[in-house]
Each structure stands twice: as structure tokens, then as C-alpha cells.
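User: I am new to this structure and would like to go through it step by step. Please keep the answers plain.

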Amino acid sequence: MKANSVKFSRRRFLKGIGGTAVGTAVISSELLASGCAQGFSNQSNSGQAPVGPVAQARPGQKNSSAAKGPAQAFDMHHHYVPSEIVEEIKRHGKAMGVELVASKGSGDGPVAISFAGSRPQNLEPVLMDVDKRFRIMDEGGVLTATAYSSTGIVGYRLTGPQGEAWCDLFNDGLKNLVTRHPKRFVGIASVPMQDPPRAAKVLERAIRDLKFSGALIASNVNGKYYESKEFDPFWQKAEALDVPIIMHPGDLPGADTMRSYGLRTVCGNPFDSTLSLGFMIYSGLFDRFPKLKLCLLHGGGFFPYHMGRFDQGFGIRSNNVAAGSPPSSYLKNLYFDNLVYRVETVDYLRRTVGTDRVMVGTDYPYELGDWKAAAKVEALDCTQAEKNAILFGNAKRLFKIT
């Protein structure tokens with residue numbers, strides 16, 4: 001039986017913006033400015049992790065750099081862009097306020113998107129390629145992956161109506177991927193966090209109509225963090241729907257000062273996740289929404305490794321924060337990927353936050369990703385039941401995968 005695809009609708013895109021684009025999106029060939037990394041992986045098609053400590057098991061343990069048996073892991077840190085998005089821009093770019101500019105050179109080079117005049121974000125072909133990612137997934141022992149956007153193209157600089165239309169369009173394209181490959185991908189929605197009530201509306205459509213399993217948000221919205229109650233309509237909807245929210249580092253304040261040596265992604269990404277989580281906890285977000293589920297990437301930034309410092313800060317300033325408990329007490333709301341490269345660090349993470357809070361994350365297809373993240377789990381010194389929980393059990397429970 002042929003899978004049904006979601007049809008893209010120019011009318012639906014324009015419906016929310018009154019037929020005109022207030023902020024024009026421009027396609028060019030500039031460099032990627034945000035997302036997981038400034039470039040894409042040079043890891044080989046065989047999926048081999050870099051040589052060195054990153055790929056090694058702890059001393060005295062068996063190195064599990066090769067996948068054992070059939071792929072079974074669930075990757076909860078995995079980026080994808082529907083190729084239909086580019087085609088839709090080509091067909092209706094002017095009407096949507098989007099312009100395509102041919103990439104420099106010949107062949108299928110990258111294009112880039114700029115929202116409302118912001119710095120263009122690259123759309124590398126690897127983000128849209130499906131066949132190559134199947135090879136990488138299989139060789140890395142990954143059976144299923146959550147599929148979601150890069151935070152560079154979530155469109156937070158658009159107006160609320162534009163953002164709603166853009167996210168609906170993106171989510172429809174993502175739904176096509178999930179429909180074609182239901183055993184390999186789980187849909188995670190993009191939502192317009194610049195307009196929280198609209199973000200709640202888009203989330204509900206994605207969960208109820210598209211059968212997605214959660215939503216992606218950036219770590220800040222145009223420099224604004226989540227301490228404000230203006231975002232409460234979205235948190236309330238996520239809690240009511242009982243779906244996890246994946247937070248990924250976004251447009252980092254001060255990113256220009258970190259461009260040397262790739263520090264924008266090496267240091268900046270985990271830093272901004274940590275900063276954003278700090279705002280959430282101290283402002284009382286998890287007190288107002290005690291059943292909210294938040295997934296943190298890159299091993300949770302610095303939070304699990306400096307949790308004592310967060311608790312110490314709470315003790316010193318408890319009269320000046322809205323949170324009712326020390327930050328470590330909110331681990332019940334948090335989940336983490338294992339993208340920390342070293343087996344001993346994965347082991348520390350699971351022992352600190354709990355085995356039931358950790359999942360596999362590869363960061364495909366970015367250059368700081370780890371295609372052998374599942375092998376790091378197999379190399380842990382723990383029971384097979386605990387390994388299976390991290391490999392796939394926790395993710396299946398969280399994302400409600402049968």
C-alpha cells in the first residue's frame with residue numbers, strides 16, 4: 001500500500017500572514033551560523049568515530065566500537081530537513097517572502113535560509129539525504145531516530161503568524177518522512193516560540209493530527225530566556241498533552257566572540273543549554289508545571305557536572321528565586337542524551353541523574369556528532385537491563401513508542 005503524504009499548501013502558509021510576508025526570508029550561500037555545529041561531519045560513511053579517547057572504552061573494559069547484532073538503539077538527537085521545503089520555496093518563494101539564490105559553484109551545493117533579514121543558515125544536502133543516514137544509522141546500531149529541525153531554521157525572527165505558517169509547513173514535510181519510514185523515524189515538531197499561544201496551537205496540531213511525539217525548542221528566543229511567564233501557554237499545553245520538549249542550543253548571545261577554533265559549538269552550545277535551564281529552574285517553571293518533561297542535549301550541558309554549584313547558589317539566594325526546591329530536585333523533569341563522547345563520562349551521567357533519564361544521542365549529521373554513541377552504552381560497566389534502558393527503553397517510554 002502506498003503511504004499517504006501530507007500535501008503542502010501555499011494557501012495554508014499564507015493564511016496566517018494575510019497573504020504578505022512581513023519579514024522576508026532570503027536564500028543565499030552564507031555559512032551556517034547556528035545549529036549543532038558550524039560544519040558537517042567528516043566521519044566516514046562507515047560511521048567510524050574519531051580515533052582517540054572518544055572512541056575508547058574505559059581501561060579494563062571491552063571496546064564496543066562496532067555495533068553488536070541488529071540495530072536496536074533509539075537516537076533522540078537527530079536532525080533532518082524535508083527536501084519538500086526547498087521545492088516549496090522554489091515554487092512559491094516570492095508569495096511567501098522567500099527568495100532562492102543559486103549557490104556558488106556548480107552541482108548540488110548548499111543553499112541557505114534567512115528569516116526576516118537575519119544571518120543566512122545553510123541547508124546542506126546531507127540534512128535532506130535519507131539513504132546515507134540509513135547507512136550511518138545501521139552501522140551505528142541505531143534502529144529509530146527522532147527527526148527534527150536544526151534550531152538555525154526554526155524561524156523565531158518571523159512574526160507570530162509567519163512562524164506558525166512556517167512551522168506547519170516544516171512539520172508537514174517531516175510527516176512525509178515518518179509516513180514513508182514509520183519504523184525508522186519519530187516526528188518532533190517545530191513550534192513558533194516567539195508567539196507562545198501560537199506555539200501551543202502548532203504543538204497540539206502536530207500531536208493530535210500528525211501523530212508526532214514531542215516538540216523542539218531553541219535554548220532562547222531571539223536572546224530571551226524562559227524565565228518569563230509569557231511562555232506559560234506553551235508549557236501548559238505540553239504538560240496537558242503529556243509530551244516531551246527537546247531543547248537544543250539556538251542563536252547564542254555573544255556567538256561572535258566564540259567563532260575562533262570552533263568554540264561557538266564546543267563551548268557555546270552546552271553553555272547556552274545550561275544557562276537556559278538555570279533560568280527555567282530558578283524562575284519556578286517546574287514548580288508551576290510539575291509534570292513538564294524537558295530533554296537536554298549534549299549530555300545536559302554543564303548542569304549534571306555542576307549540579308552541586310546550582311544547589312549551592314539556590315541555598316545562598318533562596319529568598320530571591322521562585323523555585324521552591326534545590327535545582328537537583330528537578331531531575332524528575334529532565335532527560336539527557338549521552339553525547340559526551342567518553343564512556344566514563346556517560347557512566348558518570350547515568351549514575352548522577354539516573355539510568356532511567358539517559359538516552360542515546362548522535363547529533364547526526366553535524367561534525368561534533370558521535371555515530372557510535374550506542375557503542376558507548378554497550379561499553380558501560382552495568383547490567384544489560386540498564387544498557388537496554390539507555391539504548392531504547394527510556395526513549396520508547398518517553399516518546400510513547402509501541
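User: Is Asp242 buried, partly exposed or exposed?

Analyst: The model is a predicted one. Buried would need a value under 20% and exposed a value over 50%. The relative accessibility of Asp242 is 31%, so Asp242 counts as partly exposed.

User: Which residue does Asp242 meet in a salt bridge?

Analyst: Side chains of opposite charge can pair when their charged atoms come close. The side chain of Asp242 has a partner at 3.0 Å, N to O, and a salt bridge needs such atoms within 4 Å. The partner is Lys400.

User: How many residues apart are Lys400 and Asp242, and where do they lie?

Analyst: Lys400 belongs to the segment after helix H13 (384-398). Asp242 is in the loop between H7 and strand E10 (245-248), and just after H7 it takes a positive phi of about 60°. Lys400 is partly exposed, at a relative accessible area of 48%. The pair links distant parts of the chain, and the separation is 158 residues.

User: Which residues of H7 are buried, and what covers them?

Analyst: The cover over the buried residues of H7 includes H6, E9, E10, H8 and helix H9 (285-288). The buried residues in H7 are Asp232, Phe234, Trp235, Ala238 and Leu241.

User: Which aromatic cluster contains Phe234 and Trp235?

Analyst: Phe234 and Trp235 are among the buried residues of H7. They belong to one aromatic cluster, whose members are Tyr226, Phe231, Phe234 and Trp235.

User: How many aromatic pairs are there, and what is the arrangement of Tyr225 and Phe279?

Analyst: The count comes to 12 aromatic pairs. For Tyr225 and Phe279, the ring centres are 5.0 Å apart and the planes stand at 20°. Planes under 30 degrees apart count as stacked, so the arrangement of Tyr225 and Phe279 is stacked.

User: Which parts of the chain do Tyr225 and Phe279 link?

Analyst: Tyr225 counts as buried, at 10% relative accessibility, while Phe279 counts as partly exposed at 26%. The two are 54 residues apart. Tyr225 is in the loop between strand E9 (215-218) and helix H7 (232-241), and Phe279 is in helix H8 (residues 263-282).

User: Are the rings of Phe303 and Phe310 stacked or edge-to-face?

Analyst: Phe303 counts as buried at 0% relative accessibility, and Phe310 is buried with a relative accessible area of 14%. Their ring centres are 5.0 Å apart, with the planes at 70°. Planes over 60 degrees apart count as edge-to-face, so the pair is edge-to-face.

User: At what angle and distance do H8 and helix H10 pack, and which residues make the contact?

Analyst: H8 passes H10 in a right-handed crossing. The angle is about 35°, and the axes of H8 and H10 are 12 Å apart. The contact is made by Thr274, Gly278 and Tyr282 of H8, and by Phe310, Gly313 and Phe314 of H10.

User: Which residue has its charged end over the ring of Tyr335?

Analyst: A charge sits over a ring when, among other conditions, it is within 6 Å of the ring centre. Here the charged end is 4.6 Å from the centre of the Tyr335 ring, and it belongs to Arg357.

User: What is the N to O distance between Asp168 and Arg205?

Analyst: Asp168 lies in helix H5 and Arg205 in helix H6, 37 residues apart in sequence. Asp168 counts as buried at 9% relative accessibility, and Arg205 is buried with a relative accessible area of 18%. Their side chains meet in a salt bridge, N to O, at 3.4 Å.

Definitions and conventions
Residues numbered from 1 in each chain as written. Predicted model: local features only at pLDDT ≥ 70, side-chain atom pairs only at ≥ 80, totals over all residues. Heavy atoms only, no water. Phe/Tyr/Trp six-rings, centres within 6.5 Å; stacked < 30°, edge-to-face > 60°. Helix = DSSP H or I, 4+ residues; strand = E, 2+ residues; numbered from the N terminus. Buried < 20%, exposed > 50% of the residue type's maximum accessible area, 1.4 Å probe, protein only. Lys NZ or Arg CZ within 6 Å of the ring centre and 35° of its normal. Axes fitted to C-alpha atoms, helices over the stretch in contact; angles between N-to-C directions. Left-handed = near helix turned anticlockwise from the far one by under 90°. Contact = heavy atoms within 4.5 Å.
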